[in-house]
Amino acid sequence: SYPAKLIAELHEGGPSSTPTIDDGRVYAVSKDGRFLCLDAEDGDLLWSRELTQELGVKVPLWGFSGSALILDDRVIYEAGKTIALNRVTGDLIWETEEFRGAYSSPVPFPDPRTGETLVAVVNTDVLLALRASDGSEVARQPFTTSHPTNSCTPIVRGNQIFLSSGYNRGCTLLTLNGG
């Protein structure tokens, strides 16, 4: 367990995201933006980052809720800025520009044209396809709803990305064709 203040509009207790477990480590994010790496056996804190203070991002309306993605030596997370941290040390590797934060989790996929590993991530404003190596943008597509939230995790198959949301949005199927 770890201390986290209770915020009335964010419901009582606990995190809103599923922790990610990899190689004896647990990666968890509190609703107010504390990113933790814990030892899976004894719960000891290995490192932590304060996303709002260190990245200057805002707490989304219902708190931080996405789950982290482990990819090679990185832990990737959507926090308004999509970030990659060193999974062992917590050091920042790369970050994107800031958008309004959402509640989705990043999804890795091979670029069908080059084989390079990309990451699909949805924030409240756009779907991004990013290079996992450096966070550079390959493609972007606006994806907004009538309420300031996106809670969908992209579904990727080949060069197609499917998104679905409530709030008078519906769904869309996109094809990645060179941007």
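Predicted model: local features only at pLDDT ≥ 70, side-chain atom pairs only at ≥ 80, totals over all residues.
Four strands form an open sheet in the order 1-2-3-4, and their pairing is antiparallel. Strand 1 (20-22) and strand 4 (45-50) are the edge strands; each has a single partner strand, so one side of each lacks a neighbour in the sheet. From one strand to the next, the twist averages 15 degrees. Within the sheet, strand 2 (residues 25-29) and strand 3 (residues 34-39) run antiparallel and are joined by 5 bridges. V26 has L38 of strand 3 as its bridge partner.

I turn now to the charged side chains. The whole structure contains 12 salt bridges. One of them pairs R34 with E50, with 3.8 Å between the closest N and O atoms. R34 belongs to strand 3 and E50 to strand 4, so this pair ties together parts that are 16 residues apart in sequence. R34 is buried, at 18% relative accessibility, whereas E50 is partly exposed at 26%.

A further salt bridge joins E97 and R140, whose closest N and O atoms are 2.6 Å apart. E97 sits in the loop between strand 8 (92-95) and strand 9 (107-110), and R140 in strand 12 (residues 137-142), so the pair links parts 43 residues apart in sequence. Both residues are partly exposed, E97 with a relative accessible area of 45% and R140 with 35%.

Finally, which backbone oxygen lies 2.6 Å from a polar side-chain atom of T124? The oxygen is that of G101. T124 lies in the loop between strand 10 (117-122) and strand 11 (126-131), and T124 counts as buried, at 2% relative accessibility.

Key: Residues numbered from 1 in each chain as written. Heavy atoms only, no water. Pairing = 2+ DSSP bridges. Helix = DSSP H or I, 4+ residues; strand = E, 2+ residues; numbered from the N terminus. Axes fitted to C-alpha atoms, helices over the stretch in contact; angles between N-to-C directions. Buried < 20%, exposed > 50% of the residue type's maximum accessible area, 1.4 Å probe, protein only. Polar contact = N/O pair within 3.5 Å; in protein donor to acceptor, adjacent residues only side chain to side chain. Salt bridge = Lys/Arg side-chain N within 4 Å of Asp/Glu carboxyl O.
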